[in-house]
Amino acid sequence: MLVGVDTGGTFTDLVSADGVAVKVPSTPDDPGRAIRDAVERVGDVSRLHHGTTVATNALLERRGAVVALVTTEGQEDVLEIARQDRPSLYDVFADRPEPLVPRHLRFGVAGRLDATGREIVPLGDVPSLGHVDAVAVCLLHADLNDAHERAVADQLRERGLDVTLSSAVSPEFREYERAVTTTLNAYLRPVCRDYLAGLAALANEVFVLSSAGGLMPVHDAAELPAALLLSGPAGGVRAAAAIAAANGMADCVTFDMGGTSTDVCLVRGGVPEPAPARVVAGLPVRLPSLDVHTIGAGGGSIAGIDAGGALAVGPRSAGAVPGPACYGRGGTEPTVTDADLLLARIPADAPFPGVGVLDRAAARNACEQAGVEPEGIVAVADAHMTGAIRRVTVERGVDPRGLALVAFGGAGPLHACALADALGMAAVIIPPRAGVLSAAGVLAAPVARELVRTWPTPSSTEGMRAFHEEIVAEARQLVGANAFIELAVDCRYVGQSHELTVAGGEGFDDVHRRVNGHVRADHAEEVVALRVRASLASPVDVLDLPPVLSRDAGAGPMVIAEADCTIWVPDGWRAAMGEAGALVLRRTT
C-alpha cells in the first residue's frame with residue numbers, strides 16, 4: 001500500500017492510495033512515534049511518502065550539530081558581515097540571528113580561484129578543527145570550479161568528519177547565501193539523518209518531500225536536509241492547486257491553517273509560484289522552493305493581553321501538548337480553537353477530528369481567566385491571516401478579487417469566508433479531505449529534483465545548450481532515465497543586481513513586466529544561471545482518490561462537520577458541490 005504522511009505541529013495526518021485518512025496527535029518529543037501510530041492503523045505499507053517538519057523545528061529551536069566552517073582565507077566572517085543591511089532600519093535593538101557557526105569554529109584555508117573559476121593561488125592544508133560534529137566547506141567561486149572544495153573534503157573525510165560542500169548543496173553565485181545554505185545543511189544533517197533512518201523500516205520504499213514539492217529518496221533527503229525546510233506545506237499547495245484548476249479557478253491562493261501555523265501561496269495558471277531562495281528563521285536558504293509564506297497563526301495559537309494592553313494572538317501555540325483548553329489535556333490558555341468552539345463554529349457535541357468531543361466549559365474558563373473574548377480572538381487571528389494573503393497578492397501587484405481561496409488544514413475552512421470577504425475574493429474552495437490535504441498532496445507528489453548551476457560567462461547558444469545537457473544528465477541520474485525534463489534560465493538586464501527565472505515558453509521581458517510592471521526594451525539581457533527540473537509522476541493523482549460521497553451543502557449560517565475538519569459557512573454564503581469532490585462557497589448577496 002502507498003501512503004502519504006504529513007507531520008504538523010499539532011497533528012500527524014496519513015492518507016492512503018485507497019482514500020483512507022488517519023489523523024493522530026503529533027508527538028514533538030519523537031515525531032516518528034506518531035507516524036508509526038498512523039501507519040499501524042492502515043496495515044502493511046510498501047511505499048511511504050513523507051512531509052516533515054523535523055528540519056524546520058531543529059533550525060527554529062537551534063538543536064543542530066556543532067559545525068565548523070572552512071572557507072577561503074580572509075572570508076571567515078562572511079556569515080556575520082552578511083549583506084551589511086539592518087534587519088529593521090529604525091530599531092536599534094533589532095539584531096540578525098546568531099550565525100550557526102561561532103567565530104572560533106570558522107577556519108580559512110590558503111588557495112584562490114578567480115571569478116571565472118581559474119586557479120590563481122594553489123590550495124593549502126586544512127588546519128585542525130578541534131571537536132566538531134560536522135564541517136561546511138564554502139570556498140570562493142566553487143560554484144564555477146569545485147576542484148578545491150573536493151580536495152578539502154578529501155582531507156577532512158580522512159579525519160572521519162561529516163562534510164558538506166557548497167558545490168554540492170548550492171552551486172550558485174552570491175557568497176553569503178551559499179555559505180549560509182551550506183552551513184545550515186551541515187548543521188541539520190546529523191539530526192535529520194537519525195530521524196529519517198528511523199523511518200526507513202516502515203516501508204520498502206520511503207521518499208521525503210522537498211520544499212520545491214518533489215519527492216526525494218530517504219537517503220538523499222538525509223544528505224540534503226536544507227531542502228526540507230518547507231517540506232509539509234509544499235504537498236498541500238500542489239494538491240490545492242490541482243483541485244482549484246479542476247473547478248475552473250486555476251488562479252487562486254492556497255490557505256493552509258493548521259494547529260500551529262498558517263501557510264499561504266499564490267497559484268497562477270494552476271502553477272504554484274516558485275522561489276529560488278527563501279528566508280527561514282532569519283537565514284537565507286538558496287535552494288529551490290515553492291513560494292510559501294508562513295505566519296504563526298493556527299488553531300492552537302494562544303491569545304492574551306500584551307504589555308501594552310492590546311489583545312494578541314500567537315505566534316506562541318499550545319501545540320499538540322497540552323493543546324487548546326477545550327481538548328481537555330491540561331491546556332489552560334485560550335486559543336483560536338477555543339474561540340471557534342465558543343462561537344458555535346465547532347459543534348460542541350460532535351467528535352472533533354483527532355481529539356474527540358471538546359470541553360466547552362474549559363474553553364470558556366480559559367477565556368475568562370485571560371480576560372479575552374472569543375470574538376476578539378477570532379478577529380485578531382483573521383487580521384493576521386488576511387495580512388499574509390495580502391503579502392502574496394497585493395504586495396506583488398496581484399488583485400485578490402480575481403482569485404479563489406482554497407482553504408484546507410484542520411482550521412482553514414473555519415476562517416476562509418471571513419478572509420475572502422475582507423479581500424473581496426471570488427470564491428472559497430474546500431477540497432475533499434481538507435483536514436488532511438497536505439498528506440494527500442504528499443501522497444500524489446512526483447519524484448523530482450531541481451538543479452541549478454551558475455552560468456559563468458557570456459557564451460554561444462550552443463555552449464549554453466551543451467551545459468544544459470550536462471545538468472539534464474545529472475538530473476536523470478538522480479531521478480530516473482525516463483524523467484520528464486523542464487528547462488529554465490535565470491536572467492536579468494545587464495547592470496541589474498537580481499535575476500528572474502524564465503521557464504520554457506516565456507520571454508524575459510514578459511516575466512519582467514509581470515513581476516515588476518515594466519520592461520527595458522533598450523537594455524541587453526544576460527543569463528546568470530541554468531535550471532533543470534526532472535520529475536516522475538506519482539502512481540496516485542490527487543484527483544483520482546476515491547470520492548468523498550457525503551458532503552453537506554446549503555446556505556449559511558451553518559456548520560459542516562466532516563471527519564477531518566469543520567467548515568463554517570457564515571450568513572451571506574452558500575456551499576455547493578463542485579468538481580473533484582470539492583465544496584465551492586460563494587456569496588449569496
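Which residue takes a positive phi in the hairpin of strand 2 and strand 3? Gly-19 does, with phi near 90°. The model shown is predicted: local features need pLDDT of at least 70, side-chain atom pairs count only at pLDDT 80 or more, and totals for chains, interfaces and linings use all residues. Residues are numbered from 1 along each chain as its sequence is written, and side-chain values use heavy atoms, leaving out hydrogens and water.

**View 1. The hairpin of strand 2 and strand 3.** Strand 2 (residues 11-16) and strand 3 (residues 21-25) run antiparallel and are joined by five bridges. Strands are DSSP runs of E of at least two residues, and helices are runs of H or I of at least four, numbered from the N terminus; two strands pair if DSSP finds at least two bridges between them. Phe-11 has Pro-25 of strand 3 as its bridge partner. Four residues lie between the strands.

View 2. Val-78 is buried, at 13% relative accessible area; buried means under 20%, exposed over 50% and partly exposed in between, with a 1.4 Å probe and protein chains only. Beyond neighbours within four places in sequence, Val-78 is in contact (heavy atoms within 4.5 Å) with Tyr-176 and Ala-179.

**View 3. The largest nonpolar core, with 81 residues.** Such a core is a set of buried Ala, Val, Leu, Ile, Met, Phe, Trp, Tyr and Cys residues joined through side-chain atoms within 4.5 Å. Val-253, Phe-255, Leu-405, Val-428 and Leu-585 have the most contacts inside it. Helix 11 (residues 374-392) gives the most to this core, namely eight residues.
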